[in-house]
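Q: Please take a close look at one part of this model, the surroundings of its ligand.

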Amino acid sequence: MSKRNLNLIFLGPPGAGKGTQAKMIVDKYSIPQLSTGDLMRAAVSSGSSIGDEVKGYMASGALVPDALVVDILLDRLSGDDCRDGFILDGFPRTVAQAESLEKALVSRGMPLSGVVAMIVPDEALLGRLTARRICRGCSASYHLEFLKPKVDGVCDRCQGELYQRKDDSEEVILNRLKVYHDQTSPLIDFYQKQKKLYTVDGNNKIEMIFSEICDIIDSLN
Ligand code: AP5
Ligand code: MG
């Protein structure tokens, strides 16, 4: 029997572990991770006009306007590497984005397989994000306590330099959490109604969460 494409969404608050788990799923299932945060950080670093437009929103922890982020994501989704499946990490983040995505996926014949929602209490998220370090090369996430790189300041995967994201200051994190609760958490209900939602306890050990997500993915195939 042939396997279906894996068209996945990872949903969760800032620091829930979307990026950490997505990287592990990419390695195991060979489908690309499409992170709208990473795509926009790359635009900011390149100094493009889109980068200039999104910079201020990201620095304050606000959402980038729907029209802009939908265009960026749908363009990326047209890549040949997305034909056999993809993980959307950090998209959609509003009901309007979810509706635009749904229309695009239907018209492209790419039905959504499932939405994995990672549930983590706010108290745990602040400590995760203030001690996070990110790789400049491959955007892998590390944590100074929970997921230390083998060599300080150097990525285990690609030997890139590790840095702290500008929006990982306490003030901006608190705003990102508020934005999540106000604008993104309604998507849990949205996908529950579509019977596409699978929740995992994101307040567990990284390997346990990974194994739970793999079980969900294998149940979809
Ligand atoms: P984005 O880059 O997507 O940031 P985010 O959603 O705030 O999520 P994070 O990347 O901070 O967290 P994560 O869930 O990936 O956690 P991670 O695995 O790194 O977006 C940034 C900005 O871009 C937004 O604020 C907005 O301005 C804009 N934007 C992006 N998408 C948009 C959209 N669709 N619409 C509009 N605007 C958009 O893990 C976090 C830390 O915890 C790490 O240190 C990790 O090592 C550690 N960790 C992970 N799992 C565990 C665990 N189980 N136990 C202990 N520690 C753990
Ligand atoms: Mg991330």
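Which polar backbone atom is 2.7 Å from an oxygen atom of ligand 1?

A: It is a polar backbone atom of Tyr142, at 2.7 Å from an oxygen atom of ligand 1. This is a predicted model, in which local features need pLDDT of at least 70, side-chain atom pairs count only at pLDDT 80 or more, and totals for chains, interfaces and linings use all residues. Residues are numbered from 1 along each chain as its sequence is written, chains are lettered from A and ligands numbered from 1 in the order in which they are written, and side-chain values use heavy atoms, with hydrogens and water left out.

An N or O atom in the side chain of Ser141 is 2.6 Å from an oxygen atom of ligand 1, and a backbone N or O atom of Gly90 lies 3.0 Å from a nitrogen atom of the ligand. Taken alone, ligand 1 exposes 1000 Å², of which the protein buries 97% (accessible areas by the Shrake-Rupley method with a 1.4 Å probe).

The shell around ligand 1 has 36 residues, each with a heavy atom within 4 Å of the ligand. Thr20, Ala62, Arg93, Ser141 and Arg176 come nearest. Elements that give two or more residues include helix H6 (122-130) and strand S6 (141-143); helices here are DSSP runs of H or I with at least four residues, and strands are runs of E with at least two.

In H6, Leu125, Arg128 and Leu129 are buried, meaning under 20% relative accessible area (1.4 Å probe, protein chains only). Seen down the axis of H6, the buried residues fall within an arc of 90 degrees, so they line one face of the helix; the arc is taken over directions from the helix axis to the C-beta atoms. They pack against strand S5 (132-135), S6 and helix H7 (170-184), with contact meaning heavy atoms within 4.5 Å.

Methods:
A polar contact is a pair of N or O atoms within 3.5 Å; within protein, one must be able to donate a hydrogen and the other to accept it, and residues adjacent in sequence count only if both atoms are side-chain atoms. Buried means under 20% relative accessible area, exposed over 50%, partly exposed in between (1.4 Å probe, protein chains only).
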